[in-house]
Amino acid sequence: MRDPGRMPTRGPGPNADGVESVPVQRAGALEQLGGLLADGAPAWWRIVRRVVLGDAARDDTALTDRLVRLRSFGNWAFLVPRRVTAASRERFLRDLGECLDRAEPGSLAEALGRTPAKPGVDPAGQVPHWLFAFDAAGIAAARALALLATHPAQEQQVRNELAIPDLARPQVLPYTRASVMESVRLWPTTPFLLRESTRETRWGEGTLPEGTAFLLYTPYFHRDGSAPYADRFVPEIWLDGTAHTGPELVPFSAGPGVCPGEDLVLLVTSTLVAALMERHDIRLRGPGGPRSGRSLPYTLDHFALRFSAAARP
Ligand code: HEM
């Protein structure tokens, strides 16, 4: 592993070995970490392609670039001519199909291949969602790292946890995992949940009919000022039961619509954070960002986060 020591870390570097290898790990190319999500987040997307499609897709940037392009078309809806979107979509699905056919051992593609599907279900049709849903996981990981880089007591808890596991094998890292949960509680990546009532609902003085649409703005609950942890970084609430005493903390939603990717996201992001911290002291560079001992801001620009890393003795 190359060890760049304390170096200014910004933008993608020539060698991405390590950072992306969540299933294998090593925080190798720390220049990638400078802006984990900056400049198109090449290291992050390598991780995502490996987890979802397998190692052979590691450098298939064309595939995920095509997905990004399709998503940007989506933002313009009918203003983009259909022939443009159709051709792009067809190419993307064809290339994706080739990756899924390989069903590389250890990848989600392999798991998909051996999971029986009911008639009428298109399992492969889920994969574009999986790929783009990993956007949010990258954001959560970068923010968790920013929190740990600025909160020494919590950082020490992660280090205590790292003293034991061998990160070369998948591990549950409860405190690191709880740190990621905190990042999503403090800054939910899906701040709105939509529901439709299945029966008449009493609401205040009145009654709402069955079929009423409800919009839940989760930061309102996650940052409820009456909770002592509201604007602080307290991973402990996910470990001591506090977060589960009521229904209000729902970073991955809850009930039948709960995010099915929750465990996967927490495994990947906590392993990434742990791998990066294992042999390096990571600090937040520049102004802005979270600060220990202060109320945490209501928003945090993950694209603006910049880190430095120093090799640990
Ligand atoms: C930090 C990362 C993520 C967060 C915070 C997150 C959170 C959420 C939330 C809040 C919902 C909406 C649930 C609702 O409507 O009540 C959702 C839906 C969903 N998520 Fe995630 N998600 C993340 C990443 C992922 C990933 C990586 C995958 C797949 C690999 C995934 C798969 C899904 C699916 C399939 C749904 C739709 C579930 C349904 O409609 O039944 N998510 N997620």
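**Stop 1: the whole chain, coloured by confidence**

Keep in mind that this is a predicted model. Select everything and colour by pLDDT: the chain averages 86, and 89% of the residues score at least 70. Helix H7, residues 174–186, has the highest confidence, with a mean of 98, while strand S1, residues 7–8, has the lowest, at 26. Now select residues 1–31, where the pLDDT is below 50. This stretch does have 82 contacts in the model beyond near neighbours in sequence. Still, where pLDDT is low, the predicted coordinates should not be read in detail.

Of the 313 residues in the chain, 35% are buried. Among contacts with a separation of 6 or more, 69% join residues 24 or more positions apart.

**Stop 2: the ligand and its shell**

Which residues are closest to the ligand? Select Ala133, Ser253, Gly257, Cys259 and Gly261 to see them; they belong to a set of 20 residues that surround the ligand. Helix H5 (127–150) and helix H9 (262–278) each supply at least two residues of this shell. The largest share, seven residues, comes from H5. Colour the shell by residue type and it divides into 14 nonpolar and six polar residues, with no charged ones.

Stay with Ser253 for a moment. Serine 253 sits in the loop between helix H8 (218–222) and H9. Its phi is positive, about 70 degrees, although serine 253 is not a glycine. Is serine 253 buried, exposed or partly exposed? With 17 other C-beta atoms within 10 Å, serine 253 is partly exposed, because a buried residue needs 20 or more and an exposed one has 12 or fewer.

**Stop 3: the nonpolar core**

Next, select Ala141, Leu145 and Val273. Of the 62 residues in the largest nonpolar core, these three touch the most other members. Helix H1 (42–53), H3, H4, H5, H7, H9 and strand S7 (306–311) each supply at least two residues of this core. H5 gives the most, with 14 residues, and H5 also provides the largest share of the shell around the ligand.

Zoom in on leucine 145 and show what surrounds it. Leaving aside residues up to four places away in sequence, leucine 145 touches Val273, Leu276, Ile282 and Phe307.

**Stop 4: the two sides of helix H6**

Select residues 152–162, which form helix H6, and pick out Gln154, Gln157, Val158 and Glu161, which are buried. Look down the axis of H6: the buried residues fall within an arc of 95 degrees, so they line one face of the helix. H5, H7 and H9 are among what covers them. Turn to the other side of H6 and you will see Pro152, Ala153, Gln156 and Asn160, which are exposed.

**Stop 5**

Select proline 128, which is found in helix H5. Proline 128 counts as partly exposed, with 16 C-beta neighbours inside 10 Å. Draw a C-alpha to C-alpha distance from proline 128 to leucine 67: the two are 7.6 Å apart in space and 61 residues apart in sequence.

Move to alanine 103, in the loop between helix H3 (82–102) and helix H4 (108–113). Alanine 103 has a positive phi, near 40 degrees, in a residue other than glycine. This alanine 103 counts as partly exposed, with 16 C-beta neighbours inside 10 Å.

Aspartate 224 comes next, in the loop between H8 and H9. Aspartate 224 touches Ala230 and Glu248, not counting residues up to four places away in sequence.

Finish at proline 287, in the loop between strand S6 (280–285) and S7. Proline 287 is exposed, with 6 other C-beta atoms within 10 Å. The C-alpha atoms of proline 287 and arginine 306 are separated by 9.6 Å, and the two residues are 19 apart along the chain.

Terms used: Residues numbered from 1 in each chain as written. Predicted model: local features only at pLDDT ≥ 70, side-chain atom pairs only at ≥ 80, totals over all residues. pLDDT = per-residue confidence, 0-100. Helix = DSSP H or I, 4+ residues; strand = E, 2+ residues; numbered from the N terminus. Contact = placed C-beta atoms within 7 Å. Near = placed C-beta within 6 Å. Nonpolar A, V, L, I, M, F, W, Y, C, P; charged D, E, K, R; others polar. Core = buried A, V, L, I, M, F, W, Y, C linked by C-beta atoms within 7 Å. Arc of directions from axis to C-beta.
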